[in-house]
Amino acid sequence: MDVRAVIDEVSKVVRGKEEALIKALSCLLAGGHLLVEDIPGVGKTTLALALARAMDLSFSRIQFTSDLLPSDITGTSVFDQARKEFVFKEGPIFHNVVLADEINRATPKTQSALLEAMAERQVTVDGKTYRLPEPFFVIATQNPVEHYGTYPLPESQMDRFMMRITLGYPDRETEREIVMGTNPLEKVSTIRKVTSKEEILESVSKVKEVYLSPEIADFIVSLVWATREDPQIILGVSPRGAIHLAQCSRALAFIRGRDFVVPEDVIDTAPHVLAHRIIVREGADREGVIKEILQKVEVPQ
């Protein structure tokens, strides 16, 4: 898989966000799922759609609302008159890239419909289990500012997301170019397919083989333990968080053209993997606390 080609192609419509693209791709190659937490209108939907198109993956968008049911996500069994039996009709979850738009607007029961799919890459309907396609990548979005009519994601579900990123506003010159040009969402149809599903799955396998030394493993464990001992933090990072940090560090090393992890891969990845997994005391900032921990923990040479 040519990672550079994917980034260049998606950057045609998602302008000035290369670092966010790299993090999204590292999350995909690490076999995880992505939470994009940002205000409306900064390109979250465009990012998901452009990534799917550039990588030749099937795409579906689920608009989460208060009346959305679990069966609207997973699918349901309907009676086939001709065959005189119930037939399972797949829901929108049966795609390679699934955009769960404004996930915190759905009820907890509906939110939980994603849990089995995200963790085990399968859904169970009427006692029967159905495998999801590979690769399977959920990109969920939520607005961190607006809380009216929302259901905050519980910690157990936040922990299912391997990474959390924000896109933020574009710089002034990039925004000027966007305003003068075509609506980025309308330009998604011009995105070329620059890789294939087979190449992506091969890259996912290669990421697992990226070497992570005992010293880097100790560094990751030290970071995680620091979140459990910091007085500003009420709830520290889980063991799953440590595993996810190792996986994302391997993926970032692969994207950077190496077959081994260096401390910089862990340091660059840690804020996006750890910050959304901790609960901090009133007045503390999650990202700020993680940055402080990264400065305190000794970096291996």
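A residue counts as partly exposed when its relative accessible area falls between the buried class, under 20%, and the exposed class, over 50%. In this predicted model, aspartate 56 is partly exposed because its relative accessible area is 37%. Aspartate 56 lies in the loop between helix 3 (44–54) and strand 2 (59–63). Its backbone stands out. Aspartate 56 has a positive phi of about 60°, although it is not a glycine.

Aspartate 56 also contributes to a surface feature. Together with Asp2, Glu198 and Glu199, Asp56 forms a negative surface patch. Glutamate 199 sits in helix 10 (residues 197–208). With a relative accessibility of 33%, glutamate 199 is partly exposed.

Threonine 190 and alanine 54 are 136 residues apart in sequence, yet their C-alpha atoms are 9.8 Å apart. Threonine 190 counts as exposed, because its relative accessibility is 54%.

Aromatic side chains were examined next. The structure holds three aromatic pairs. One of them joins phenylalanine 79 and phenylalanine 86 in an edge-to-face arrangement, with 5.3 Å centre to centre and 70° between the planes. Phenylalanine 79 is partly exposed, at 41% relative accessible area. Phenylalanine 86 is exposed, at 60%.

Another pair is stacked. Phenylalanine 88 and tyrosine 130 lie 4.0 Å apart, centre to centre, with 15° between the planes. This pair links distant parts of the chain. Phenylalanine 88 belongs to strand 4 (residues 85–90), tyrosine 130 to strand 7 (residues 128–131), and 42 residues separate them. Buried means under 20% relative accessible area. Phenylalanine 88 is therefore buried, at 15%. Tyrosine 130 is likewise buried, at 19%. Phe88 and Tyr130 form one aromatic cluster with Phe94.

Backbone geometry was then considered around strand 7. Most residues other than glycine have a negative phi, and most peptide bonds are trans. Aspartate 126 is placed in the loop between strand 6 (122–125) and strand 7. Its relative accessibility is 65%, so aspartate 126 counts as exposed. The peptide bond from glutamate 134 to proline 135 is cis, with omega near -5°. Proline 135 is found in the loop between strand 7 and strand 8 (137–142).

Definitions and conventions: Residues numbered from 1 in each chain as written. Predicted model: local features only at pLDDT ≥ 70, side-chain atom pairs only at ≥ 80, totals over all residues. Heavy atoms only, no water. Patch = residues over 30% accessible without salt bridge, like charges linked within 9 Å, V, L, I, M, F, W, Y side chains within 5 Å. Areas by Shrake-Rupley, 256 points an atom, 1.4 Å probe, with all protein chains shown as cover. Salt bridge = Lys/Arg side-chain N within 4 Å of Asp/Glu carboxyl O. Lys, Arg positive; Asp, Glu negative; His and termini not counted. Charge placed at Lys NZ, Arg CZ, Asp CG, Glu CD. Helix = DSSP H or I, 4+ residues; strand = E, 2+ residues; numbered from the N terminus. Buried < 20%, exposed > 50% of the residue type's maximum accessible area, 1.4 Å probe, protein only. Phe/Tyr/Trp six-rings, centres within 6.5 Å; stacked < 30°, edge-to-face > 60°.
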